[in-house]
Amino acid sequence: MDNAQKTETNNHRLLKKNGSSSKRNESRGKVLVYSSAAIVIIATLAITIFLGYKGIRTFFVFDVNVWNFLTTTGWDGTENSGAFSFIFGSFAVTFLAALVAAPLGIGSAIFMTEIAKKWGQKVLQPVIEILVGIPSVVYGLIGVTVIVPLLRDNVGGLGFSLLAGMIVVGVMILPTITSISADAIKAIPQDIKDASYGLGATRWQTIYKVIIPAALPSLMTAIVLGMARAFGEALAVQMVIGNVKGLPESIIDQAATLTSIITLDMPHTTYGSVHNSLLWSLGLFLLIMSYVFIIIIRVVSSRRKV
Amino acid sequence: MSRRIVNNLATSVFILCAVIMTATLVYLLGYILTNGLSNVDWSFITSNSSSSMEGGGIKNQLWNSFYILIVTLIFSVPLGVLGGIYLAEYAKPSKLTNVIRTSVEVLSSLPSIVVGMFGLLVFVQYAGLGYSIIAGALALTVFNLPIIVRVTEDSIRSVPKKQKNASLALGITHWHTVKTVLVPAAFPGILTGILLSAGRIFGEAAALLFTAGLSTNNLQFDTWNPFNSDSPLNPFRSAETLSVHIWKVNSQGIMPDVDEIASGSAAVLIIFVLVFNVTARVIGNVIYNKITGSK
């Protein structure tokens, strides 16, 4: 009797648990999860739409000529302003930084995956993580206090230059390139390497003839991701590049980038003015470029073999 | 024979790459700490900053950095974790899922200055929040969300399938399984990711220039009424953070001890970022050892 009663209350409890309340819980969970996913989409759409609207507006409201804007120099905050020197500056810093960071990064990745497999990983993994963690203002500060004077004394010019930007941004994107390259090389099946060693190839021959070709699409992805980061970097570049609005004539000349000019001019312009509107167009350019980098990465990694 | 020489040469080049990278980090940290810590003392950390006179401190900036960090995490962790759960558990291979994955990718590759501009337009101007902690934190949420989503998805996916199936086989519903089995099992991974992202938020400046502003009140640490404009807790006041302070002092500072303030602030900033990183690593390792059973 007592037992039967117990079973009944137990059954009742279980039934209740499995009944409508758990169903309600289930759908409440679903609502939470789906709406969070929706917010991610909404945020992306909102950024694209708002920046698109503000950026394109310049060309309709103020009659700025798009072609003129993209291809001429001379930035005076009027309808005739051209942003070419900043576009050039951004691309120059990006490619130069990749020139520094790609060989160093891929070299370090090969070191930690092929040469010192055990301790190389142990030492370089934290190095990568800490380098990623250092804030960009700190990179900029070191650029200003160490690299700029060093260049001024040894290379010439003012020190504030494309070259300084290249070094600072190169170091900043180094960990990105290294860690993705290392993952790519680790993903190559050991069999392929063993086959190469079995044929009597040296380690260098294996790296050069087998590992690098097999990992190439992923290595390219690593470099493009690094370049995307370099292109969008703002404060570190702004602090060392000199922010001169003309085209640089050499690598030791001062220059400016899209990000550095937005950083500098944004607080000084009045909302709704031509100058302000032009800055939004530069922002839109940055946004479009980050889409372009994503597309490039998709194209490159679709050729991935490993 | 020459192949051996080439091989050795190549090996030394690779070693050199790794040495350069490690040396760069050691130099960076060494430089910041040796140069900066000599300017850091108790009064530097506990006094108000000064815009023109010598001897300003970083009390308010340091507080603002932590406050913005916490508000950002309050916004971005629940959203990001739920988004990650969606991708790991609920997403079916469909167009919509693709759109979400692309969105996460786009958000994570946005330049932080673009996020700052978006924040300026939408949070500061359209929503009328002005330069404020809350606008800064919302901008940083945009910036942090994709990181948390990814970390959560990865951590949940790495929970063994058996655990989930066992729970489902007991008749426990999907959402209840997520709550009581998957998320607890994935928690260490998620926590590590959150701590690493906290380090990034703490050091972020570009997205805050136009959202949290370039100035801060001298906070009264005895008024805890959040509506008082000098209260540390007021989320609607403009709040210069430590990293923004470094940038501002360096580019527009007119006080005579600009270099000392900048390097001291950088040292403090780096120490906190390192603390976040090391804590994340330690927690990650402890958990890894626990799970794999290797000591």
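Analyst: Let's begin with chain A, which has 12 helices and zero strands; helices here are DSSP runs of H or I with at least four residues, strands are runs of E with at least two, and both are numbered from the N terminus. Read along the sequence, the pattern is α-α-α-α-α-α-α-α-α-α-α-α.

A word on ground rules: this is a predicted model, where local features need pLDDT of at least 70, side-chain atom pairs count only at pLDDT 80 or more, and totals for chains, interfaces and linings use all residues. Residues are numbered from 1 along each chain as its sequence is written, while chains are lettered from A and ligands numbered from 1 in the order in which they are written.

Now the overall form. The C-alpha trace of chain A spans about 95 × 65 × 35 Å along its principal axes. Its radius of gyration is 27 Å, whereas a compact globule of 306 residues would come out near 19 Å (taken over C-alpha atoms, with the globule rule being 2.2 Å times the number of residues to the power 0.38). Of the 306 residues in chain A, 47% count as buried, meaning 20 or more other C-beta atoms within 10 Å of the residue's own; 12 or fewer is exposed, in between is partly exposed, and C-beta atoms are placed from the backbone.

Seven residues of domain 1 of chain A are in contact with seven of domain 2 of chain A, contact being C-beta atoms, placed from the backbone, within 7 Å. On the domain 1 side of chain A that touches domain 2, there are one nonpolar, four polar and two charged residues. (Nonpolar is Ala, Val, Leu, Ile, Met, Phe, Trp, Tyr, Cys and Pro; charged is Asp, Glu, Lys and Arg; the others, Gly among them, are polar.)

As for the partner, the contact takes 70 residues from chain B and 67 from chain A. Helix α1 (residues 2-37) of chain B supplies the largest share of the chain B side, 19 residues. By class, that side of chain B has 48 nonpolar, 18 polar and four charged residues.

Within helix α1 of chain B lies B:Leu33. B:Leu33 counts as partly exposed because it has 17 C-beta neighbours inside 10 Å. The C-alpha atoms of B:Leu33 and B:Ser263 are 8.5 Å apart, though 230 residues separate them along the chain.

Conventions: Contact = placed C-beta atoms within 7 Å.
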